[in-house]
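Subject: Handover of a structure, with notes

Dear colleague,

I am passing on the structure below, together with some notes on what was found in it. Please have the sequence and the model open while you read.

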Amino acid sequence: MTAPLSPELALDQRPGLPEDLRFLLGDYPRLIWGDHPNFGPTTRFYLDRHAMFREAMTVMTRLTDEALDGAKTSSRWSKEFGRIAGFFLQQLHGHHQIEDVHYFPALVKLQPGLQRGFDILDRDHHTIHDALDRFQAGAVGALNALQAAPSDPKRPVADVLEELRRMDRLLDRHLFDEEEIVIPIMLDAGEDSLGL
């Protein structure tokens, strides 16, 4: 069960993690992550997944901007956007499930003092999944509306772009903060300590 957390730590409110949760960054700043001797395949895979989610958001936003600018037809947008959005939703749900069930419990055993940080990340997951549900409903609605050939085909696409931008802000904050907790623990303890 997630511990009660103050409102200023909510995903859509915080500018970053509190300093007491970033104490490992002093020894493991971002600039040295890739060169650290404990930076192995699990750590690389973890960061690669995050990079993939960021890239998917960038691609979905670009496709939607192109549809609104008239550089892409609504039927072409529907096909391309639907494919990447489905992939993104499936992969992000799976990633969060693996984190919640495997990664986070293993990491908190290595650094029990960061329990509050993992409580924040857990609450983030709930916030993100609510946003994903709204995004999915809006995207499906837009794709259905475009099949009906509306008089203003840009309106449903513009609604999707608005939700994309909101979700991008949430996801960007979460991924950045999550990396600042997870990666330093992996580097500090070594991947073999995870027991994954």
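Leaving aside its neighbours within four places in sequence, with which residues is H95 in contact? Counting contact as heavy atoms within 4.5 Å, and with those sequence neighbours set aside, H95 is in contact with Y46, R49, H50, F53 and E178. H95 has its place in helix α2, and at 7% relative accessibility it counts as buried, where buried means under 20% relative accessible area, exposed means over 50%, and partly exposed lies in between (1.4 Å probe, protein chains only). The C-alpha atoms of H95 and A10, which are 85 residues apart along the chain, are separated by 21 Å.

Before going further, a word on how to read the values. This is a predicted model, in which local features need pLDDT of at least 70 and side-chain atom pairs count only at pLDDT 80 or more, while totals for chains, interfaces and linings use all residues. Residues are numbered from 1 along each chain as its sequence is written, and side-chain values use heavy atoms, with hydrogens and water left out.

The predictor's confidence in each residue, pLDDT, runs from 0 to 100, and its mean for the protein is 92, with 97% of the residues reaching 70 or more. By element, confidence is lowest in helix α3 (residues 115-147), at a mean of 93, and highest in helix α1 (residues 41-69), at 96.

As for the overall build, the protein has four helices and zero strands, where helices (H or I, at least four residues) and strands (E, at least two) are DSSP runs numbered from the N terminus. The order of the elements from the N terminus on is α-α-α-α. The C-alpha atoms fill a box of roughly 60 × 35 × 25 Å, taken along the principal axes, and 47% of the 196 residues count as buried. Among contacts between residues at least 6 apart in sequence, 85% join residues at least 24 apart.

After α3 comes A149, whose phi is positive, near 55°.

Turning to the interior, a nonpolar core is a set of buried Ala, Val, Leu, Ile, Met, Phe, Trp, Tyr and Cys residues joined through side-chain atoms within 4.5 Å. The largest such core has 29 residues, of which M60, W77, F81, F88 and F135 touch the most other members. The elements that give two or more residues to this core are α1, α2 (74-110), α3 and α4 (154-189). A second, separate core of 26 residues includes Y28, L47, V182 and I183. With neighbours within four places in sequence left aside, the contacts of W77 include L63, A67, A142, L146 and V160.

The structure also holds five aromatic pairs, meaning rings of Phe, Tyr and Trp (its six-membered ring) whose centres lie within 6.5 Å, with planes under 30 degrees apart counted as stacked, over 60 as edge-to-face and the rest as tilted. In one of them, the rings of Y46 and Y103 have their centres 5.3 Å apart and their planes at 55°, so the pair is tilted. Because Y46 lies in helix α1 and Y103 in helix α2, this pair ties together parts that are 57 residues apart in sequence. Both Y46 and Y103 are buried. Elsewhere, ring pairs link W77, F81 and F135 into a cluster.

T61 is found in helix α1 and, at 18% relative accessibility, counts as buried; leaving aside neighbours within four places in sequence, T61 is in contact with L161 and L164. H93 has its place in helix α2 and, at 31% relative accessibility, counts as partly exposed; with the neighbours within four places again left aside, H93 is in contact with H129 and L132.

With best wishes
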